[in-house]
Amino acid sequence: MLGGTFDPVHLGHLRSAVELLEVLGLDRVHMVPAKVPPLRGTPQVTPEERLALLRLGIGDTPGLVADPRELERDGPSYSADTLASLRREYGAQARLVMALGHDAFLRLADWHSPQRLFELAHLVVIDRPGFEAPLSAALAELIEGREVSTPGALMQRPAGSLLRLALPTRMAISATEIRQRLASDRSVRFLLPEAVEERILANLLYRRR
């Protein structure tokens, strides 16, 4: 599971998903747009539009799935509920992984039911190059004894461990920067998949009203 607002989906998101698939030897990556992100501001476009852009971005890429399950639920988009849904779907012995960026990881202790995340899945933290920050006491306590050093060690059991992972490409593309560029009518070429860019421009998304 790779969740996020995908506001909008860009090549950094998609390349990370492909590299997670390869490095961890996964069967598939569910890319799950949040309907109502609990710890972030309201996205600029509707959940349905963000899902449509995600589907365009993924296209026919093997192993990547645009998963609408958070859009089909009422209330905040809690990752624990999404993982519980995936666990019911794949069974108790499936090895589930939730990937998240380093910034999100630093706030993990503030998430809804953070302990439950480890009961349902492994967590993989996508490290940011050159970025180190001290862990809060609550976060250090949450992950104590859970960290492993290799994908092989992670996959020894269905859930419960943490792996920090530096992906090969590490594309430093920011959705915030893309939105700012679109709002000021600057080029976003080569930051987004072509089909995503075409839909955004055709529908005047992210433009200042």
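Reply: Aspartate 185 is exposed, with a relative accessible area of 58%; here exposed means over 50% relative accessible area, buried under 20% and partly exposed in between, computed with a 1.4 Å probe on protein chains only. The model is predicted: local features need pLDDT of at least 70, side-chain atom pairs count only at pLDDT 80 or more, and totals for chains, interfaces and linings use all residues. Residues are numbered from 1 along each chain as its sequence is written, and side-chain values use heavy atoms, with hydrogens and water left out.

Aspartate 185 follows helix 8 and has a positive phi, near 60°. Helices (H or I, at least four residues) and strands (E, at least two residues) are DSSP runs numbered from the N terminus. As background, most residues other than glycine have a negative phi, and most peptide bonds are trans.

The side chain of aspartate 185 meets that of arginine 207 in a salt bridge, at 3.6 Å from N to O. This pair links distant parts of the chain, 22 residues apart: aspartate 185 is in the loop between helix 8 and helix 9, and arginine 207 is in the segment after helix 9. A salt bridge requires a side-chain nitrogen of Lys or Arg within 4 Å of a carboxyl oxygen of Asp or Glu. Arginine 207 has a relative accessible area of 27% and is therefore partly exposed. The segment after helix 9 also holds tyrosine 206, a residue other than glycine with a positive phi near 65°. Tyrosine 206 is buried, at a relative accessible area of 2%.

Helix 8 itself comprises residues 175-183, of which Ala175, Ile178, Arg179 and Leu182 are buried. Seen down the helix axis, these buried residues fall within an arc of 100°, so they line one face of helix 8; the arc is that of the directions from the axis to the C-beta atoms. Helix 9 (194-202) is included in what covers them, contact meaning heavy atoms within 4.5 Å. At the start of helix 8, a side-chain oxygen of serine 174 comes to within 3.2 Å of the backbone nitrogen of threonine 176. Such a polar contact is a pair of N or O atoms within 3.5 Å; within protein, one must be able to donate a hydrogen and the other to accept it, and residues adjacent in sequence count only if both atoms are side-chain atoms. In the loop between strand 7 (162-165) and helix 8 lies arginine 170, which has a positive phi near 55° although it is not glycine. Its relative accessibility of 45% makes arginine 170 partly exposed.

Aspartate 7 lies in the loop between strand 1 (2-4) and helix 1, so the pair ties together parts that are 172 residues apart in sequence. Both partners count as buried, arginine 179 at 15% relative accessibility and aspartate 7 at 4%. Aspartate 7 is also joined to proline 8 by a cis peptide bond, with omega about 0°.

Leaving out residues up to four places away in sequence, histidine 13 touches Leu2, Phe6, Pro8 and Met31. Helix 1 also contains arginine 15 and glutamate 19, which are four residues apart and therefore separated by about one helical turn. They form a salt bridge whose closest N and O atoms are 2.8 Å apart. Arginine 15 is partly exposed at 33% relative accessibility, whereas glutamate 19 is buried at 2%. Just after helix 1, glycine 25 takes a positive phi of about 65°.

The pairs described here belong to a total of ten salt bridges in the structure.
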